[in-house]
Amino acid sequence: MSEAGRVPSPAAPLAEAAAAPEERKGKEPEREKLPPIVSAGAGAGATASLDREAKSQISTFSNFTSTISQKKETTENRSSPTHLVFPNIKNVRDPPPVCLDVRQKQRISVDSLSSETKAPALPESILPVQPKTMKDFQEDMEKVKSSGDWKTIHDFYLTTFDSFPELNAAFKPQDIQKTVLKGIINSLLREWKGPRTKDDLRAYFILLQNPQFNNTSTYVIYAHLLRQIATLVEADHHFLAHWFKKLSQKRFKQLVERLLQFISLRLFPAKPEEFPPITKCSWWIPSASKVLALLNTANNLVHPPLIPYTDFYNSTLDHIDLMEEYHTWQSFGNSHRFSFCQYPFVISIAAKKIIIQRDSEQQMISIARQSLVDKVSRRQRPDMNMLFLNMKVRRTHLVSDSLDELTRKRADLKKKLKVTFVGEAGLDMGGLTKEWFLLLIRQIFHPDYGMFTYHKDSQCHWFSSFKCDNYSEFRLVGILMGLAVYNSITLDIRFPPCCYKKLLSPPIVPSDQNIPVGICSVNIDDLCQIMPELAHGLSELLSYEGNVEEDFYSTFQVFQEEFGIIKSYNLKPGGDKIPVTNQNRKEYIQLYIDFLLNKSIYKQFSAFYYGFHSVCASNALMLLCPEEVEILVCGSPELDMHALQRSTQYDGYAKTDLTIRYFWEVVLGFPLDLQKKLLHFTTGSDRVPVGGMADLNFKISKNETSTNWLPVAHTCFNQLCLPPYKSKKDLKQKLIIGISNSEGFGLE
C-alpha cells in the first residue's frame, strides 16, 4: 500500500468545525458513544486483529519540499547540532501538567470504536487560486474577531493545512516559514475554547506532521502544539491513536524521531539562547513525552508494529541521572512530579539494566547491613560469609543440593551470590557461579528430566503439563532466572516470547495470594512461536470453507496423554456435548490456545513466577517490556563480530600475530550460524549481553600444544585457547571442527 493511501482523511464537514459554542454543546452526546479505555499489561500489545486499510488519501511531502527544500536545508544545517554537550541537568524540571504513570498499565483501545468515530473519505480539494499573504490572513482574523463568525477561518485553515500542496499554493514561498506557521497556530490556539471537535483534532493531526518543526527556530510554537495535544481528554486521544496507526511507516517514524530530537535538544541545547529558560518551559518535555506515549500506543495496536519498539529509545537519556529519575518515580508515582520512568518506552535497555543493577546493589547492601546489625545485636562475631548467598553443592547431586540450599537460605536470595563445589578448592570470582548456572540449566532442561518439553520446530522449551505433587523445582528454575538477572549472568535458555509476557502478568506480585498470576491474553501467534504445526492446523480450521461440524466431528473438549493415560478436558462447561461449528470455531480456537498456554500449566508456571519474583521483586521490573526481560535473561541475538574483535583481550598472543590475524579473517568471513556456534563454544551461549560484545570480556590465550590439536574453550571465563596454527586453512579447518562437534552446554 502506498504511503499516501495509509493516512486517514479529515473527519467531519468543515461547517461543523466552525459551529458556535452553543451548537457544539448540542453535539456533545456524540462523544459519549466512545468506548471506555481498556487497561492492559505494560508490555502487552493489543491482541485483536486490526484493519490497516486507510479509507482516504493525503498528499505526500514531495510537492511541498520541492518548494522550500533549499531554505529548509539551510535552516537545519544552522540549527541542528552535530555534537552535543552534556551538562549536569539535575533538578531542572518542574511538575508538568500531564503525566502518565507506568503503574497504571493503561493502553488505548480503538478497535471497538463505532463507525462514526472513523474518518470518512476526504473530497478532492480545489487549490486556492489567489495566494494569501500573512497580512491577508491577519486582516481576516481581525474581521472574524469582531463578527464572531469563525467559519471562514476554519474552512480556510482546514483546507490549506490538509496537505502540503495546499499549503504551498495558499502562501507565497517566502511566507511558508515560521512566521505563517506561528501566526496561524497562535491565533487558532488562542481562539479554540471549550470541547474540541473532530475537525480540531484533525488540524492537530495535520500540523503535527509539518516538517517545519524539524527546525529549532519553530520549537516554541511546536511546544505549544504538543501541550494542546497532551492536555486533550482521553476520548480525543482515542481518535488520535486511531489516526496515528493509519500513517505510513515512513511518516510515523518521522513523527517519533522529531519528538525524540525535540526532547534531546531541550535537555542539551547546542545554543541555549535559542530557547526560553528551562524554568519557564518546564512543561515542554512532559508534553512531548505524552504525545510520544500516544504514538507508542498506536504502534502497539498494529500487528506487526509500524516500527520496532527500540525506535522509541532516546539514547540522550543515557547521559542524565536516571537513578534520580527512578527515585522520583518511586517517591511520587502518579503525582504531578515528572519522571522519564513514567514513559519507560523511551529509556533504552542498556539504561534500564543500569537502573536494575543499581537497584539490586542497593538491596544487596541493605540486606547485608541488616544481617550485620542482627549479628552484632546478638553479640556474635561478624563473619564475611554472612554478606553473601553462599551455595555449597555437590556435582553429583547438583539439582537436589541447589534446591535444598535455596530453600534454606530464602532470606538471603538478594545477597551477592557465591558458589562452592564440595570437595574442590577454589575461590568463586565469578567463574564458579557461571559454571553452576550452566550445569544446572543443562540438567533441568534435559528431556529426560520431564519438567520441560523441547519443540524442535520452534527450537524452544515449554512447560510440561504433567501433574505432580510438588512444583518446587519449577520454583527453582524461576529463582535461577531471577538470580541471573540480579547478578548480571546471561543464561542459555530458550523460552518463547509468550513466557516473558506471562512473567510480567502482573509485573508486581499481588498481596492477595488468591489472585491468579502468570495469566495473560494469548492468541494464535503466541502458539505459533511454540507449536507451529498445531497453530497452522488451527489456522486452517478457521479458514475452512466447508461444513466444520460435519467434516471434523469435534467438540469443545481436548485430550492429553499423561504417563500413558489419555485424559480429557472440557474447554467450557459441558464442552464434550458442544460441537464445533462454523459459527463457534473462533471461540473454540481461542479457548484451546488459552488452555494450552495458560490453564493446563497454571501450577507449574505460578511456581516459576513466584520463584522469579522472589529475587527480582522491584519497581524497576515495571519499566521492562517482555522483549526486554528476555534480553536481560538470555542476551541479544544480534551479533557484531567486529565489536568483539575490538574488545578482545590476549594472553600469550598480540593482536598483530599471524595466528590472530588468520583467526579474525576466518571468523569475520563465517556465516551467521558458524559465528553463533563460535560464541556458544566459547561462552556457553550464542547471545550477547545487554552491554554488547565488550561485556563478554572475551579472551584468546595461546595454547602451547601441537598444531594438530583442536581449539579448547573455558566457557566459565569466556576464554578460547588457540594453538599457534601456521596457516589460515589449517586454522579454519580445526576451528570449524571444534565448534561444530563440541557438546558444550547445549540443551538438546
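How many bridges join β9 to strand β10? I looked this up and found three, with β9 and β10 (residues 699–702) running parallel. One of the partners I noted is Asp-651, whose bridge partner in β10 is Ser-701.

**Entry: before going on**

I am reading a predicted model, in which local features need pLDDT of at least 70, side-chain atom pairs count only at pLDDT 80 or more, and totals for chains, interfaces and linings use all residues. Residues are numbered from 1 along each chain as its sequence is written, and side-chain values use heavy atoms, with hydrogens and water left out.

**Entry: the whole protein**

I found 28 helices and 12 strands; these are DSSP runs numbered from the N terminus, helices being H or I with at least four residues and strands E with at least two. Of the 748 residues, 52% are buried (under 20% relative accessible area, with exposed over 50% and partly exposed in between, using a 1.4 Å probe and protein chains only). I also looked at contacts (heavy atoms within 4.5 Å). Among those with a separation of 6 or more, 77% come from residues 24 or more positions apart.

**Entry: the sheet around β9**

I went back to β9 and saw that it belongs to an open sheet of four strands, ordered β9-β10-β12-β11, with mixed pairing. Two strands pair if DSSP finds at least two bridges between them. The edge strands are β9 (649–651) and β11 (712–714), each pairing on one side only. From one strand to the next, the twist averages 20°. Helix α27 (residues 672–683) lies across β11 and β12 (719–722), and runs at about 60° to β11. Axes here are lines fitted to C-alpha atoms, for helices over the stretch in contact, and angles run from 0 to 180 degrees between N-to-C directions.

**Entry: two helices together**

At what angle do α9 and α12 pack? I read about 55° for α9 (residues 219–230) and α12 (residues 284–300), with their axes 8 Å apart. That makes α9 oblique to α12; angles under 35 degrees count as roughly parallel, over 145 as roughly antiparallel, 65 to 115 as roughly perpendicular and the rest as oblique. The crossing of α9 and α12 is left-handed, meaning that the near helix is turned anticlockwise from the far one by less than a right angle (right-handed if clockwise). On the α9 side I listed residues including Tyr-219, Leu-226 and Arg-227, and on the α12 side residues including Trp-284, Lys-290 and Leu-294. By class, the contact of α9 with α12 has 10 nonpolar, one polar and two charged residues. Nonpolar covers Ala, Val, Leu, Ile, Met, Phe, Trp, Tyr, Cys and Pro, charged covers Asp, Glu, Lys and Arg, and the others, Gly among them, are polar.

**Entry: backbone details in loops**

Which residue does a cis peptide bond join to Pro-304? It is His-303, with omega about -5°, and Pro-304 sits in the loop between α12 and α13 (322–332). I found a cis peptide bond between Ser-505 and Pro-506 as well, with omega about -5°. Pro-506 is in the loop between α18 (497–503) and α19 (524–528).

I then checked Tyr-553, a residue other than glycine with a positive phi near 50°. Tyr-553 lies between α21 (548–552) and β7 (557–562), in a loop. Is Tyr-553 buried or exposed? Tyr-553 is exposed, at a relative accessible area of 69%.

Asn-697 is not a glycine, although its phi is positive at about 50°. I located Asn-697 in the loop between α27 and β10, where Asn-697 is partly exposed at 48% relative accessible area.
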